[in-house]
Amino acid sequence: MPERSESVAKHIEALHRGFDLWPTLPFHPPALGDARWTEELILSTWVQAQTGRPPASGLEYRVGRSRGGFDCLEFSFLPEDRWLAEEAPIDTSIPLNRRSDGPQPRIEIPVPWYGAGMSFGSISEQVMLARAKAAQRWRTFTCTGEGGYPESLLPYKEHVITQVATGMFGVREETILWAPIVEFKYAQGAKPGLGGHLLGDKVTAAVARMRESLPWVSLFSPFPFHSVYSVEDHKKHLDWIRAIHPQALLSVKVSTPNDVDMVAVGSYYAGAHILHLDGGYGGTGAAPEIAKKNIAMPIELAIPKVHRFLEHEGIRDELVLMASGGIRTAYDLAKAIALGADGVVLGTAELVALGCTRCGNCERGRGCPFGLTTTDPELSLLVDPEWGAERIGKLYASFEFELREILRRLGLSSVRALRGRTDLLRYRRAEGGPDGTA
Amino acid sequence: MLETRVPEEAPLGSERGYRRYHILTRPAPERFPIPPRFRVRVKKHRLVALVFKELLEYRGNLKVALSRPCVYGVFGGPLGGLTPREHLCVGCLRCCVQYPEVVQIQPNPLRKRLGDSYLRPEYVDTLLYEARTGRVPVRGAGWRGAFGGEGWDSMWTDMSEIVRPTRDGIHGREFISTQVDLGEKPGFLRFDARGEPTGPLPRVVSLPLPFLFDAPPPTAPPPLLEVLSEAARRLGTLAILPLPVCLEWGLQGSWVVPVVSEADWGEMERMRWRPQLVELEGWHPGRYAELRRRLEGSVVAVRVPMHADLSAMVQAGVRVFHLCADYHGTSGGRFAAGLLRETHARLVQAGLREEVSLLGSGGVVMAEHVPKAILCGLDAVALDTALWVALQARFEGECRSRREARVEFPSLEPSWGVQRLLNLANSWRDQLLEVLGAMGLREVRRLRGELGRAMFQEELEHEAFADIEGYAG
């Protein structure tokens with residue numbers, strides 16, 4: 001990695017000062033935030049990444065202003081006298097292998113989330129390292145995305161999921177053998193049905209080398225797998241990984257079409273341990289705008305559909321359902337579990353913890369000006385992996401704290417008992433203008 | 001003179017050979033300034049103090065002290081932050097994260113004046129980009145807006161996950177057709193002993209795109225009419241214009257669709273060209289029959305409000321309808337999506353849907369509205385306000401109805417205007433291909449009324465949340 005210059009050090013210091021200062025300002029920066037990630041959610045995530053606790057200043061840290069989905073759901077907490085005691089043990093762990101067949105290990109993670117796939121190229125190696133370090137500290141996982149497996153991640157390989165996607169970028173036998181979990185990405189929530197897209201500006205020599213392609217040429221992961229026409233073909237894919245690495249858990253990442261429930265059942269019978277549902281409002285380094293809002297359903301609507309269908313088919317307890325695509329807060333993740341997921345996958349929230357302002361310029365020119373979604377050698381120095389791991393770890397700590405509080409107030413001693421408990425939710429219709437403004 | 005040729009689709013093996021439909025795009029930058037997205041407010045005395053402070057801190061190292069956070073060049077002018085170049089600001093906010101006491105970025109309030117309450121400022125941004133570049137808008141980060149909403153925002157399109165027949169998109173290898181047919185499509189044909197069809201042949205017009213250009217408001221300047229007509233010709237689609245306007249400005253050609261109203265009937269005598277499609281304003285059985293007789297070979301459509309009951313007209317033999325909503329997509333107080341679904345369903349129930357073509361207009365202002373309108377039952381859409389915005393027209397107040405719309409059209413240079421519309425059409429077609437590719441559909445004709453490929457917020461929410469306390473549907 002290139003050395004930091006004095007200029008870079010100056011900017012890092014100023015940035016870190018700003019991340020601390022902004023949430024304390026008497027006004028909210030007027031150009032920050034949107035309906036989904038409001039300015040308060042962004043600032044409160046920065047506070048959590050700094051302190052490991054939700055903000056005590058009154059900043060909203062639970063919901064946004066999207067006027068639907070998670071933002072219209074709230075928990076029906078018990079009266080205070082029925083809450084669990086503060087010192088009562090609460091289990092936040094979930095298993096990632098519920099299948100009763102197969103030789104794969106019984107992996108558990110102590111918190112019901114892991115990190116989403118973000119490829120080398122879409123984000124910098126420094127950010128990948130920060131995520132991997134945080135995953136190791138929290139004994140959970142992060143995911144390579146589809147861009148190869150930088151060797152700097154090897155010390156953390158017990159906590160790194162390898163992703164195999166349609167472009168097969170950087171997929172080699174050893175990268176599969178390194179991984180305790182291998183994820184097949186069929187689709188991505190932000191661009192369902194469209195495949196992956198890394199714009200040429202971000203395909204530096206290092207990225208091209210890792211992906212075995214040419215520098216400065218846009219890369220497309222086609223959609224879908226050109227070797228899969230059916231669920232039987234899908235099974236063939238999973239069998240291929242099993243043949244190479246029989247101990248690996250298999251995750252199947254899909255988006256949320258009308259028939260997502262059928263896809264889930266097909267994946268189970270193909271041998272998947274984890275079904276990763278990525279809802280239509282998920283994050284991306286670059287996607288056609290038409291895809292983000294219009295194709296496939298939001299995750300809030302897909303989770304109950306899949307959960308119930310798996311129950312109906314009698315296989316719900318054999319398959320782990322992980323949800324992503326708009327999980328911004330600890331409350332979102334708890335609501336996702338109450339709707340029927342086992343756990344969630346975090347992506348954008350981790351980047352916001354590292355300073356993302358959601359400006360949406362990830363794909364432009366040199367990439368993210370905060371050094372997150374960039375491959376620019378100088379910009380990527382703005383994120384020190386150790387600093388980043390600390391920020392993500394603190395966000396995890398805050399989420400864990402909040403999740404325990406939610407469970408305690410619901411009288412539940414395990415997050416596993418929250419799954420599918422829609423009776424603990426209440427729907428509150430949004431008021432105000434189209435973007436949630438009064 | 002632009003070099004864009006008239007695109008045509010010729011069948012494989014024909015004399016002209018096979019050519020894939022293609023729209024030639026080229027950059028067509030805005031000719032009139034648009035307000036920058038953000039305002040950059042720098043407290044100049046604080047900036048000067050900051051520079052001095054950093055010069056001291058970094059021992060006079062100018063390179064470090066003058067190194068500024070913006071990677072987009074906002075502070076890259078000769079006087080740096082003292083004269084920020086606002087037009088380059090993308091709103092990343094890095095400058096004000098680092099130096100909140102020196103600089104603040106604010107959304108430019110002038111942007112809120114773009115468009116109106118339906119064609120929102122962010123839509124204007126997108127349309128301008130599409131018309132400028134001809135490309136599909138691509139951005140980082142996920143969806144930033146509301147969960148769902150009203151109108152077209154209350155539905156999502158489907159995609160195919162693992163099992164799918166095609167694997168295209170705009171970068172794919174397999175061809176997805178965007179051709180649509182408008183006209184009479186009888187359930188069967190009769191042939192004589194020699195194998196030749198007997199009786200009058202059905203009148204059909206095939207378009208390479210599922211969108212046409214609808215008539216602009218009466219205040220439209222002549223260059224706009226010329227741009228609409230020429231762009232339609234080059235795209236191989238149709239421009240709908242009132243008959244008197246066609247006659248007054250000499251806009252004639254098979255791609256020009258005259259709208260004939262009862263009041264204009266006398267003008268028919270002056271019509272010297274044979275349009276592929278002609279529209280009769282309102283339902284007048286006698287006039288309809290006469291139009292069909294006069295314009296032999298032309299498809300005759302009846303232009304009626306979107307909420308109109310079509311049954312009498314269908315009974316009378318009308319097979320092409322132009323269903324008009326206002327510019328906000330409503331007709332008879334209801335939004336287009338619901339009206340179209342009902343009309344489509346009624347025709348299906350009557351066993352006539354395959355024989356009837358539905359063209360619709362009003363409220364289709366973004367690329368995604370085209371597939372959504374087709375999913376709800378249209379064969380093709382006629383575009384209106386989006387075209388004018390692409391040409392940098394400005395609305396004065398709400399632009400809702402054709403007669404009352406107050407639209408300020410800029411002075412147009414026709415070749416620039418035509419290129420802007422070609423770019424817009426290419427961008428929208430590519431986005432349509434993305435949506436069709438995601439669904440695994442090989443042709444847009446199969447999208448029509450394919451409600452199984454649509455997901456409606458109300459239905460999905462009911463399915464997901466019905467058992468949750470407080471959900472009232």
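## Contacts and burial

A contact is a pair of residues with heavy atoms within 4.5 Å. In chain B of this predicted model, 66% of the contacts between residues at least 6 apart in sequence join residues at least 24 apart.

Chain B comprises 473 residues, of which 58% count as buried (under 20% relative accessible area, with a 1.4 Å probe and protein chains only).

## Domains and overall form

The domain assignment, which is automatic or taken from a database, divides chain B into domain 1 (38-107) and domain 2 (155-461). The C-alpha centres of these two domains of chain B are 51 Å apart. Along its principal axes, the C-alpha trace of chain B extends over about 100 × 60 × 50 Å.

Chain B contains 13 helices and 19 strands, taken as DSSP runs (H or I of at least four residues for helices, E of at least two for strands).

## Surface and charge

Chain B carries 61 positive and 58 negative charges, whose mean positions are 7 Å apart. Lys and Arg count as positive and Asp and Glu as negative, while His and the chain ends are not counted. Each charge is placed at NZ of Lys, CZ of Arg, CG of Asp or CD of Glu.

## Annotated span

An unreviewed UniProt entry annotates residues 340-399 of chain B as "domain: Glutamate synthase"; such annotations may be inferred rather than shown by experiment. This span of chain B is 38% helix and 18% strand, and its end C-alpha atoms lie 22 Å apart.

## Basis of the values

Residues are numbered from 1 along each chain as its sequence is written, and chains are lettered from A in the order in which they are written. Local features need pLDDT of at least 70 and side-chain atom pairs pLDDT 80 or more, whereas totals for chains use all residues, and side-chain values use heavy atoms, with hydrogens and water left out.

Definitions and conventions
Buried < 20%, exposed > 50% of the residue type's maximum accessible area, 1.4 Å probe, protein only.
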